[in-house]
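Colleague: Could you take me through the backbone and the cross-linking in this one? I have it open now.
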Amino acid sequence: MEPTSAPSKVPTGLPTVNCYVWADFGSDGDINSAADLTTYGWTYDVGTFNSGSYYTSTDVLQFYTANAPVGWIEKALPSNGNYAIVDWGASFNGGGAELYVGGTLQASVDDPGSYTAANLVTTVVPYSFGDVIRISEQSATSVALIDQILICTSVSSAPTLAPTTTPLPTLVPIPAPSK
C-alpha cells in the first residue's frame, strides 16, 4: 500500500454480519490518551502519545516508546465476536508496526518513509474467546497508529482480482496487395 500524507478512514470492502465499533481511537473517537486507554481497560507500555513531530490525525491514536523496548497497547477481545477488523498503521521512517492476536503476529506494516506521513491498512483477523489483541511498534524507532477496531460475528471475502496474463496474439506481417 502506498503511504499517504492524509489518509481517510479505509472502508473494509468486506460484507460483514453483526459488526460494531469496539474501540474508536483519536480525538474524534473515545480513546486518545493514556488515561483513556486505562478507562477502557487497555494495558500499555508507551512513552509518548500523539507527538506533533509525526503523523497525527483526529482519526488515530499515535504512540511510541523512544530508545527503549517497543511500545504497545493491548486488550482481551470480547466474547461476542469471531473476527476483528483493525484499521491501523505506522508513521515515521524508522520502522513499522505489528498486529498480534492471541500472541501470534497477524500482520505488519512498513513505515511510510517520512516523519509526517502515514501508512494505514485494514486487517481482518479471526479470533477465539480469550485472545488478546496487541498493536506494537516494530522497533525502538517506530511510531504506531491505531484508528478503530470492529468486532464481527462473520465476514465474507471480497472477490480477489488476481493479476492475469493474457498472451498477445502473434503479429504476422501481411503482404501489401499487389496493384
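Colleague: Is Phe92 buried or exposed?
Modeller: In this predicted model, Phe92 is buried, because its relative accessible area is 12% and the cut-off for buried is under 20%.

Colleague: Where does Phe92 lie, and what is its phi?
Modeller: Phe92 lies in strand E7, which covers residues 83-92, and its phi is positive at about 75° although the residue is not a glycine. Most residues other than glycine have a negative phi.

Colleague: What about Asn50, where is that and what is its phi?
Modeller: Asn50 has a phi near 55°, again a positive value in a residue other than glycine, and it sits in the loop that runs between strand E4 (48-49) and strand E5 (61-64). With a relative accessible area of 26%, Asn50 is partly exposed.

Colleague: Switching topic, how many disulfides does the structure hold?
Modeller: The structure holds 1 disulfide, formed by Cys19 and Cys152, whose sulfur atoms are 1.9 Å apart. The link of these two cysteines is right-handed, with 115° about the S-S bond.

Colleague: And which parts does the pair tie together?
Modeller: Cys19 lies in the loop between strand E1 (16-17) and strand E2 (20-24), while Cys152 belongs to strand E12 (residues 143-152), so the pair joins parts that are 133 residues apart in sequence.

Note on methods:
Residues numbered from 1 in each chain as written. Predicted model: local features only at pLDDT ≥ 70, side-chain atom pairs only at ≥ 80, totals over all residues. Heavy atoms only, no water. Disulfide = S-S within 2.5 Å. Helix = DSSP H or I, 4+ residues; strand = E, 2+ residues; numbered from the N terminus. Buried < 20%, exposed > 50% of the residue type's maximum accessible area, 1.4 Å probe, protein only.
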